[in-house]
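These are my notes on one model, kept in the order in which I looked things up. Each entry takes one topic.

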Amino acid sequence: FNYCLGRYQEARDWIQKGLEIFRTFNDQAEIAFCLVSLANVAMSIGAYGEASQLAEQALPYALAAQRVDLETKIYLRWGGACTKQGEYQAARLKLERALALAPPASRLRADSLSRLGGLDHYLAKLPTAYAYYEQALHICRQIGDRLGEVAALVGLGNISAGMGNYI
């Protein structure tokens, strides 16, 4: 996506055009995908309220399409937006919903666990944050997700330092 290159308006324009086309076909899954992609762009530019609104708009389409993977991604994005807005209880509910939906040994489950770990780290709930990151690390190693493994290891390192475990 162009937003990965910092071309946010261009990314929005292309995704918006795709959304318009999918709406003419009433393709529920692709509408949900476009809306969550727009939410990703909004998160990238710090428009967290907009990202929350887009995630909320995407959810009924993912449900109608019976796409649990999209539903999980929507809850992850929505939880992240809530976290950035300081809505921590709402963030926890969204992230826990994503975790409940994610398949057992999957990137989505590892992402859900890592984001819950990040939320608890931010809220200074270090032992639970550590446990979330440990679970994410186990899954990432199980499925061969090296980037996820690195993210979990960094999370564990940060938590360990916060708990005073320097060795």
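I searched the whole structure for disulfides and found zero, counting a pair of cysteine sulfur atoms within 2.5 Å. A disulfide is a covalent bond between the sulfur atoms of two cysteines. I then looked up the accessibility of two cysteines. Cys82 has a relative accessibility of 2% and counts as buried; Cys140 is buried as well, at 2%. I use buried for under 20% relative accessible area, exposed for over 50% and partly exposed for in between, with a 1.4 Å probe and protein chains only.

**Basis.** The model is predicted, so I note that local features need pLDDT of at least 70 and side-chain atom pairs count only at pLDDT 80 or more, while totals for chains, interfaces and linings use all residues. Residues are numbered from 1 along each chain as its sequence is written, and side-chain values use heavy atoms, with hydrogens and water left out.

**Salt bridges.** My rule was a side-chain nitrogen of Lys or Arg within 4 Å of a carboxyl oxygen of Asp or Glu. The count by this rule is nine salt bridges. I looked at some of them one by one.

I found Asp120 and Arg92 joined by a salt bridge at 2.3 Å, N to O. Asp120 sits in helix H6 (residues 107–122) and Arg92 in helix H5 (residues 88–101), so this pair ties together parts that are 28 residues apart in sequence. Helices here are DSSP runs of H or I with at least four residues, numbered from the N terminus. Asp120 and Arg92 are both buried.

Next I took Arg107 and Asp145, whose side chains form a salt bridge at 2.9 Å, N to O. Arg107 belongs to helix H6 and Asp145 to the loop between helix H7 (126–143) and helix H8 (146–162), so the pair ties together parts that are 38 residues apart in sequence. Arg107 is partly exposed, with a relative accessible area of 40%, whereas Asp145 is buried at 11%. I also noted a network of salt bridges that links Arg107, Asp111 and Asp145.

Arg141 forms a salt bridge with Glu149, and the closest N and O atoms are 3.0 Å apart. Glu149 is buried, at a relative accessible area of 10%.

**Helix H6.** Does the length of H6 agree with or depart from what its 16 residues should span? I take the expected span as 1.5 Å times one less than the number of residues. For the 16 residues of H6 this gives 22 Å, and the end C-alpha atoms are 22 Å apart, which agrees. The buried residues of H6 include Leu108, Leu113, Leu116, Gly117 and Leu119. Among the elements that cover the buried residues of H6 I found helix H4 (68–84), H5 and H7, with contact taken as heavy atoms within 4.5 Å. After H6 comes Ala124, which has a positive phi, near 65°.

**Aromatic pairs.** How many aromatic pairs does a search of the whole structure find? It finds two. I paired rings of Phe, Tyr and Trp (its six-membered ring) if their centres lie within 6.5 Å; planes under 30 degrees apart count as stacked, over 60 as edge-to-face and the rest as tilted.

Tyr75 and Trp78 form a stacked pair, 6.1 Å centre to centre with 15° between the planes. Both lie in helix H4, three residues apart, about one turn of the helix. Tyr75 is buried at 12% relative accessibility, and Trp78 is buried at 11%.

Tyr88 and Tyr122 form a tilted pair, 5.4 Å centre to centre with 40° between the planes. Tyr88 lies in helix H5 and Tyr122 in helix H6, so the pair ties together parts that are 34 residues apart in sequence. Tyr88 is partly exposed at 24%, and Tyr122 counts as exposed at 58%.

**Leu59.** I placed Leu59 in helix H3 (residues 48–64). Leu59 is buried, with a relative accessible area of 11%. Leaving out residues up to four places away in sequence, Leu59 touches Glu71, Ile74, Tyr75 and Trp78.

**Asn40.** I found Asn40 in helix H2 (residues 28–44). Asn40 counts as buried at 17% relative accessibility.

Terms used:
Helix = DSSP H or I, 4+ residues; strand = E, 2+ residues; numbered from the N terminus.
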